Amino acid sequence: MFWELVQQYENQLNIALSIVILAVFLLLRIRFTATIFRMLLKVSRNTWNGFFEQLRTSFEKPLQLLIAVVGIYFAVDVFPYFNESNALFNHLVRSSVIFAVGWGLYNLSSSSSLLFSKINHKYNVKIDHILIPFFSKALRLIIVAIGISVIAQEFEYDINGFVAGLGIGGLAFALAAKDALANLFGGIIIITEKPFTIGDWIKTPSVEGTIEDISFRSTKVRTFAQALVTVPNATLSNEAITNWSKMGKRQITFKLSLMYGAKREQLEGIVKEIQVLLRHHDAINKETILVNVDAYGENGWEIFLYFFTNTTVWEEHLKVKQEINLAILAIIEREKLEIAIPTRKLYVEPEIVKGKQRETLLGQES
C-alpha cells in the first residue's frame with residue numbers, strides 16, 4: 001500500500017513536471033528564439049549582417065515551432081502514462097523537425113534575391129535580374145519536393161511507386177499541360193534572349209507598361225493606369241516587343257510655324273539661335289541636332305526641329321522639353337515674330353454683295 005502511494009505521488013509529480021516543462025518551452029520559445037539569433041548576429045557582426053538578418057526573419061517562426069516540438073518531446077519523456085519510444089510519436093517528432101527546417105529554407109529562398117545580390121556584389125558573378133525570380137522559384141520547388149519525399153520516407157511510404165506512376169501517366173499529363181509547357185518554354189526564351197528585365201518599360205501589341213515579375217507561366221506588367229496585367233509567356237515570346245528602357249537617348253521632334261510676315265534674315269537668325277541653344281544645353285545629346293526651315297506651310301513658315309535628350313526617364317525628358325520650348329518662345333518674342341495659327345480668309349466679290357443688298361431692299365419695300 002505504501003509503495004502504491006509512493007508510485008501515485010511520483011506519477012502526479014511527473015505529470016506536474018511534464019506540464020511545467022511544456023509550459024516553459026511554449027511560453028519562452030519567443031525569448032529563446034530571440035536569444036539564439038542575438039548570438040548569431042554578434043558572431044556575424046563583421047561579416048554578412050544583412051544575410052543573417054534575413055536568416056532571422058526566415059527562421060524565426062520555424063525555430064519557435066522547433067523549440068515547441070523539443071518541449072513536447074521532453075514533456076512526454078517524463079510523462080508517466082505515455083511511452084516516448086512509441087513509433088508514431090517518434091515519426092511525428094522527426095517529421096516536425098524536417099518540416100520546420102524545410103519551412104525556414106522555403107522562407108529564405110523566397111527572398112533569395114538578397115543572397116544573389118550579395119553574390120553579385122562580393123564575387124562579381126553577373127546574374128541577370130530576370131533570372132533571380134526563376135532561381136528563387138526553382139529553389140523553393142526543390143525544397144518542397146525534398147521535404148515531402150523525406151517526410152514520406154520517414155513514415156515508410158514508398159515514393160518509387162509514385163514516381164513510376166508519374167512515368168506511366170506522363171503522356172496524359174503532357175497533353176493536359178500543353179499550354180503550361182508552352183508558357184514554360186516561352187519563359188525560357190525570354191530568359192535566354194533577354195528582350196527585357198524586371199523594371200523595364202515595354203510595349204507589345206497586348207500591353208504597355210513596366211515589368212514587375214516573371215514566373216514560369218507568365219509575366220506581370222504594371223500599366224501606366226496602375227492596372228496589373230498578367231501575360232502568358234507563350235503569348236509574350238511570340239510578339240514584337242519594344243523596350244523603351246533600352247533607349248540610349250530620347251527623341252524630340254516637332255515643327256514650329258511662324259507667320260509669313262517674317263523676313264529671310266529673321267528666319268536665319270532664329271534658326272541659328274535655336275541651334276546654339278540646343279548645342280549648349282547640357283541635357284541635349286550633341287550627336288544629332290537638326291534645325292532647318294523646312295517648308296512653306298499652309299499657315300506660315302515651318303521650321304523643322306529634330307534632336308535628342310540625354311536622359312531616357314520620361315519625367316526628366318518632359319522637363320528638358322519644357323525648358324527648350326520656353327527658351328524658343330523667348331527667342332521668337334525677342335525677334336518680335338508671331339507663331340502662325342490656323343486661319344481662314346474669305347474673299348467676297350463686290351458685285352455679289354451689291355446684288356444681295358438690292359434683293360434685301362426690294363424685299364423690305366414689298
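**Notes on strands, helices and one annotated region**

1. Strands β2 and β3 make a hairpin, with three residues between them. β2 covers residues 208–214 and β3 covers residues 218–222; the two run antiparallel and are joined by four bridges. Opposite Ile-214 you will find Thr-219 of β3. Strands here are DSSP runs of E with at least two residues, helices are runs of H or I with at least four residues, and both are numbered from the N terminus. Two strands count as paired if DSSP finds at least two bridges between them.

2. Before going further, a word on the source: this is a predicted model, in which local features need pLDDT of at least 70 and side-chain atom pairs count only at pLDDT 80 or more, while totals for chains, interfaces and linings use all residues. Residues are numbered from 1 along each chain as its sequence is written, and side-chain values use heavy atoms, with hydrogens and water left out.

3. β3 also pairs with β4 (residues 228–232), again antiparallel, through five bridges. Ser-218 has Pro-232 in β4 as its bridge partner. β3 and β4 form a hairpin with five residues between them, and Gln-226 in that turn has a positive phi of about 70 degrees.

4. Helix α10 passes a simple length check: at 1.5 Å a residue, its 16 residues (264–279) should span 22 Å, and the end C-alpha atoms are 23 Å apart, which agrees. The expected span is 1.5 Å times one less than the number of residues.

5. Which residues of α10 are buried? They are Leu-267, Ile-270, Val-271, Ile-274, Gln-275 and Leu-278. Seen down the axis of α10, these fall within an arc of 135 degrees, so they line one face of the helix; the arc is taken from the directions from the helix axis to the C-beta atoms. On the other side, Glu-265 and Lys-272 are exposed. Buried means under 20% relative accessible area and exposed over 50%, with partly exposed in between (1.4 Å probe, protein chains only).

6. What covers the buried residues of α10 includes β6 (250–258), β7 (290–296), β8 (301–309) and α11 (314–334), where contact means heavy atoms within 4.5 Å.

7. Ile-190 belongs to helix α8 (residues 178–193). Because its relative accessibility is 2%, Ile-190 counts as buried.
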